[in-house]
Amino acid sequence: MLAYNACYPPSSSAQSQKSLMGALLLLAALACCFTAPAMAQQSSITVVSFGGTTQRTLEQTLFVPFAQASGIRVVPSEYNGELAKIKSMVDSKSVVWHVVQAEGPEILRYCEEGLFERLDWDAISDTALLMDDAARECGSAVYTWGIALSWDASRLKTAPTGWADFWDTEKFPGKRGLRKRAIYNLEFALMADGVPLSEVYQVLATKAGQDRAFAKLDQLKPHIQWWEAGAQPPQWLAAGDVVMSSAYNARIANAQKEGYQLDLTWNGGMYGMDYWAIPKGAANQQAARDFIAFALRQDIQLEFSEIVPHGPTNLSAIEKLSAEAAHWIPNSTENLKQVLAIGDEFWSDHGEELDARFIAWLAQ
């Protein structure tokens with residue numbers, strides 16, 4: 001391979017200027033000047049995720065090992081999940097990102113709209129080695145994350161066992177924390193009303209089921225303190241502002257590491273997956289696919305999940321989780337028996353209408 005300085009035309013003499021060989025050398029050098037930037041581009045990919053501690057851990061356990069193994073430099077970047085930015089790149093055919101992290105419902109919705117490339121799973125991984133739904137048409141699961149019923153054990157002497165307790169304001173008086181969105185809350189309401197996990201989305205897909213969920217939320221509405229940022233529930237619990245709250249598992253695990261006596265129950269908890277996707281028309285797609293395949297390796301996922309309480313999607317990595325990590329991870333072998341997978345298809349189809357109804361309900 002020619003070095004970059006070979007792009008500069010060779011020094012010319014009177015003889016070489018007149019000879020055919022000199023002309024060919026000059027043309028070859030000029031061609032190199034145009035191709036070297038493309039070659040340099042092929043040696044790196046920009047991978048965009050959601051930032052924070054999780055991204056720093058991904059850089060440590062995935063980005064760096066992939067670069068070392070492949071020779072492809074990974075340029076990390078972050079965003080807030082604003083897919084409008086990706087859509088603008090795709091529409092203007094100026095895609096500068098190669099791999100992006102996106103949530104499950106968005107992967108489904110924007111795959112159909114042509115925002116992401118479809119993945120050739122025969123060339124990426126044996127999907128039998130992965131959890132259900134880890135291999136989507138346009139997405140490959142990064143990890144699992146969860147949301148569950150949490151409390152401060154130093155303040156609440158009797159631990160709640162599920163969402164029926166969350167709704168029981170006589171047994172457990174005090175404020176409750178819930179996220180200010182329709183998603184999760186409608187499912188929790190139906191669980192509190194006695195709907196089995198296996199039937200939640202079947203019920204919620206009906207008008208009667210949606211009415212039932214909102215009616216159940218009506219019962220608790222005066223006692224709810226609404227959170228919008230994931231950092232709020234552990235702060236509120238530790239301060240005694242709420243007696244219980246729905247909360248992201250990683251936030252509660254991290255608070256306990258910091259010395260707070262926060263805990264959670266996975267009974268009636270929910271889990272979702274974030275995905276790696278390739279924006280439509282991105283350059284370096286083979287390198288992007290190689291990155292996605294590498295991210296599914298057992299050793300890569302296991303190391304990540306032992307540091308950050310997000311679950312592996314590689315089945316053999318799940319089996320090898322330490323007991324400490326498994327407690328905080330929604331899809332560990334024991335926890336998976338009592339949690340509900342977030343209905344990506346349901347929220348992709350019904351999210352807009354239910355969010356609008358939820359906003360109107362809040363204003364009543």
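Among contacts in the chain between residues at least 6 apart in sequence, what share joins residues at least 24 apart? The share is 71%, where a contact means heavy atoms within 4.5 Å.

Before selecting anything, note that this is a predicted model, in which local features need pLDDT of at least 70 and side-chain atom pairs count only at pLDDT 80 or more, while totals for chains, interfaces and linings use all residues. Residues are numbered from 1 along each chain as its sequence is written, and side-chain values use heavy atoms, with hydrogens and water left out.

Next, select Cys111 and Cys138, which are joined by a disulfide with an S to S distance of 2.0 Å, the term being used for a pair of cysteine sulfur atoms within 2.5 Å. Cys111 lies in helix H5 (residues 104–112) and Cys138 in the loop between helix H6 (121–124) and strand E4 (140–152), so the pair ties together parts that are 27 residues apart in sequence. Both cysteines are buried.

Finally, move to Ser49 in strand E1 (residues 44–49), which counts as buried because its relative accessibility is 0%. Leaving aside neighbours within four places in sequence, the residues in contact with Ser49 include Tyr79, Gln101 and Trp276.

Terms used
Helix = DSSP H or I, 4+ residues; strand = E, 2+ residues; numbered from the N terminus. Buried < 20%, exposed > 50% of the residue type's maximum accessible area, 1.4 Å probe, protein only.
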